[in-house]
Amino acid sequence: MTQAIVLFAHGSRDPLWRAPMEAVATRIASQSPDRRAICAYLELCEPALPDAVRQLVADGATAVTVVPMFLGTGCLLYTSPSPRDVEE
């Protein structure tokens, strides 16, 4: 392996939040078996970005592309009060 991709996302305490990022990594791996793709997170999930890059280099990567993936399903809709709740 010489090329690798890190999908860099925010992270969440909700374990289901990681599913979309992991699905993208799995899709990349299935379409490009010679290019490893893994996820890394800014906070609240492991691995952190520096750890992910170190692991890829240790596994033989000579080029690592970091792709920002700051998107995902939110939990504010079911954990924060709605404007209607605030008015009451």
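Over how many bridges do strand S1 and S3 pair, and in which sense, parallel or antiparallel?

**View 1. Strands S1 and S3 pair side by side.** Strand S1 (residues 3-9) and S3 are joined by six bridges in the parallel sense. Two strands count as paired if DSSP finds at least two bridges between them. Ile-5 stands opposite Thr-65 in S3. This is a predicted model, in which local features need pLDDT of at least 70, side-chain atom pairs count only at pLDDT 80 or more, and totals for chains, interfaces and linings use all residues. Residues are numbered from 1 along each chain as its sequence is written, and side-chain values use heavy atoms, with hydrogens and water left out.

**View 2. Three strands make an open sheet.** The order is S2-S1-S3, with parallel pairing. Strand S2 (36-41) and strand S3 (63-68) are the edge strands, each pairing on one side only. From one strand to the next, the twist averages 25°. Strands of a sheet pair through backbone hydrogen bonds, either parallel or antiparallel.

**View 3. Helix H1 packs on the sheet.** Helix H1 (residues 19-31) touches S1 and S2, a contact being heavy atoms within 4.5 Å. The direction of H1 makes about 165° with that of S2; axes are lines fitted to C-alpha atoms, for helices over the stretch in contact, and angles run from 0 to 180 degrees between N-to-C directions.

**View 4. The protein has four helices and three strands.** Helices (H or I, at least four residues) and strands (E, at least two) are DSSP runs, numbered from the N terminus. Along the sequence the pattern is β-α-β-α-β-α-α.
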